Amino acid sequence: HGGRGRGGGRGGFRGGKKVFIEPHRHEGVFIARGKEDALVTKNLVVGESVYGEKRISVEENEAKLEYRVWNPFRSKLAAAILGGVDQIHMPPGSKVLYLGAASGTTVSHVADIVGPEGLVYAVEFSHRSGRDLIGVAQKRTNVIPIIEDARHPHKYRMLVGMVDTIFADVAQPDQARIVAINAHHFLKNGGHFVISIKANCIDSTAEPEAVFAGEVEKLKQERLKPQEQITLEPYERDHAVVVGIYRQPKKSEG
């Protein structure tokens, strides 16, 4: 299943010759320019789709490269990138703790982005989603699946090293606390966080803007300093992504 890339594929990618891949300003992310543009990541496991997504193969200097289409309607991170988020803090080689990994669709793209030198520690509590996640990790050896409750990081402290970035999409009312306790365990000083906040998961009676502001305050109290906030329209309603820095080092004198 999935597109056959060059010559095959569904939709706008017929005949790989007409598709140009160019780097996005976020390192490790790319744009496929064709009849219609698409956000893509370089496929770490060539020849295979993870969740039925289209694949595009291009020939570069005799080498065949393959990219996977990243749908912003199925991924909050892709939605944030297309929404113009300034930083995602996941360059190739980085280590990411991903809370709320679900079946691993976005995780697979993050694994493509951080590449073979990077690592994605993917935490998911649901055993049903976890089965799919483990399947993703069997092919992508830079993904470490952890089927545990992100509220209890001490349960997986032996599996996870210090990380550069925490990405969270847990959709729980106590999400800020969940991110904070994981940051205190695993996030390096000066590391970053990227959090997807679903307003009605936290308070379905309040205005989304008020909910987002309240979450930002909770983060600040835990030394998680927000630097950027964007909404995910038109891909998601009443969602925001907040990006920031943890325990920012003091500017040295002189």
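Two strands pair if DSSP finds at least two bridges between them. Strands (E, at least two residues) and helices (H or I, at least four) are DSSP runs, numbered from the N terminus.

**View B. Strand 2 and strand 3.** Residues 29-33 and residues 38-42 pair in the antiparallel sense over 4 bridges. A38 in strand 3 is the bridge partner of A32.

**View C. The largest nonpolar core.** A nonpolar core is a set of buried (under 20% relative accessible area, 1.4 Å probe, protein chains only) Ala, Val, Leu, Ile, Met, Phe, Trp, Tyr and Cys residues joined through side-chain atoms within 4.5 Å. The largest has 32 residues, and L97, L99, Y156, V160, V163 and L224 are those with the most contacts inside it. Elements giving two or more residues to this core include strand 6 (95-99), helix 6 (208-221) and strand 12 (239-246). Helix 4 supplies the largest share, 6 residues.

**View D. Surroundings of Y156.** Beyond its neighbours within four places in sequence, Y156 is in contact (heavy atoms within 4.5 Å) with L99, V123, I146, E148, D149, A150, N182 and F186. A second, separate core of 31 residues includes A80, I113, A137 and V194.

**Notes.** Residues are numbered from 1 along each chain as its sequence is written, and side-chain values use heavy atoms, with hydrogens and water left out. In this predicted model, local features need pLDDT of at least 70 and side-chain atom pairs count only at pLDDT 80 or more, while totals for chains, interfaces and linings use all residues.

Note on methods. Buried means under 20% relative accessible area, exposed over 50%, partly exposed in between (1.4 Å probe, protein chains only).
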